Amino acid sequence: MAESSAEITFKKETVSKLLSSFFKDEKTKVGADAVLLMAEMLHVFVQEAAQRTIKQAEAEDCDRMDIEHFEKILPQLLLDF
């Protein structure tokens, strides 16, 4: 598969809101460094999920990825992260 030259990133505001939604105390704040780190972790997680899904589809001799391929790799992916 050809790699795209465009880099996909997560918006800092989205990551911050996602993190904040899990805090019990409304006064808890998220630092800028924590948001950047979490955005990078999400980026790595999504890239790894895509790569493993591609490999799973190729192992089954499929020319396109389906949700079933993703579902097969998801348990191990979650254990690895």
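Biologist: In what kind of crossing does α2 pass α3, left-handed or right-handed?
Modeller: α2 passes α3 in a right-handed crossing. This is a predicted model.

Biologist: Which residues of α2 and α3 make the contact?
Modeller: From α2, F45, E48, A49, R52, T53, Q56 and A57. From α3, H69, F70, K72, I73, Q76, L77, L78 and D80.

Biologist: How do the residues of that contact divide into nonpolar, polar and charged?
Modeller: Seven are nonpolar, four polar and four charged.

Biologist: And the axes, at what angle do they cross?
Modeller: The axes of α2 (residues 32–59) and α3 (residues 67–80) cross at roughly 135° and come within 9 Å. That makes α2 oblique to α3.

Biologist: Switching to charges. How many salt bridges are in the whole structure?
Modeller: A search finds three.

Biologist: Which residues are linked with R52 in a network?
Modeller: E48 and D80 are linked with R52 in a network of salt bridges. R52 and D80 meet at 2.7 Å, N to O. R52 lies in α2 and D80 in α3, so this pair ties together parts 28 residues apart in sequence.

Biologist: How exposed is D80?
Modeller: D80 is partly exposed, at 42% relative accessibility. R52 is also partly exposed, at 21%, and E48 is partly exposed at 30%.

Biologist: What does E60 meet in a salt bridge?
Modeller: The side chain of K72, at 2.7 Å, N to O. E60 is in the loop between α2 and α3 and K72 is in α3, so the pair ties together parts twelve residues apart in sequence.

Conventions. Residues numbered from 1 in each chain as written. Predicted model: local features only at pLDDT ≥ 70, side-chain atom pairs only at ≥ 80, totals over all residues. Heavy atoms only, no water. Axes fitted to C-alpha atoms, helices over the stretch in contact; angles between N-to-C directions. Helix = DSSP H or I, 4+ residues; strand = E, 2+ residues; numbered from the N terminus. Parallel < 35°, antiparallel > 145°, perpendicular 65-115°, else oblique. Left-handed = near helix turned anticlockwise from the far one by under 90°. Contact = heavy atoms within 4.5 Å. Nonpolar A, V, L, I, M, F, W, Y, C, P; charged D, E, K, R; others polar. Salt bridge = Lys/Arg side-chain N within 4 Å of Asp/Glu carboxyl O. Buried < 20%, exposed > 50% of the residue type's maximum accessible area, 1.4 Å probe, protein only.
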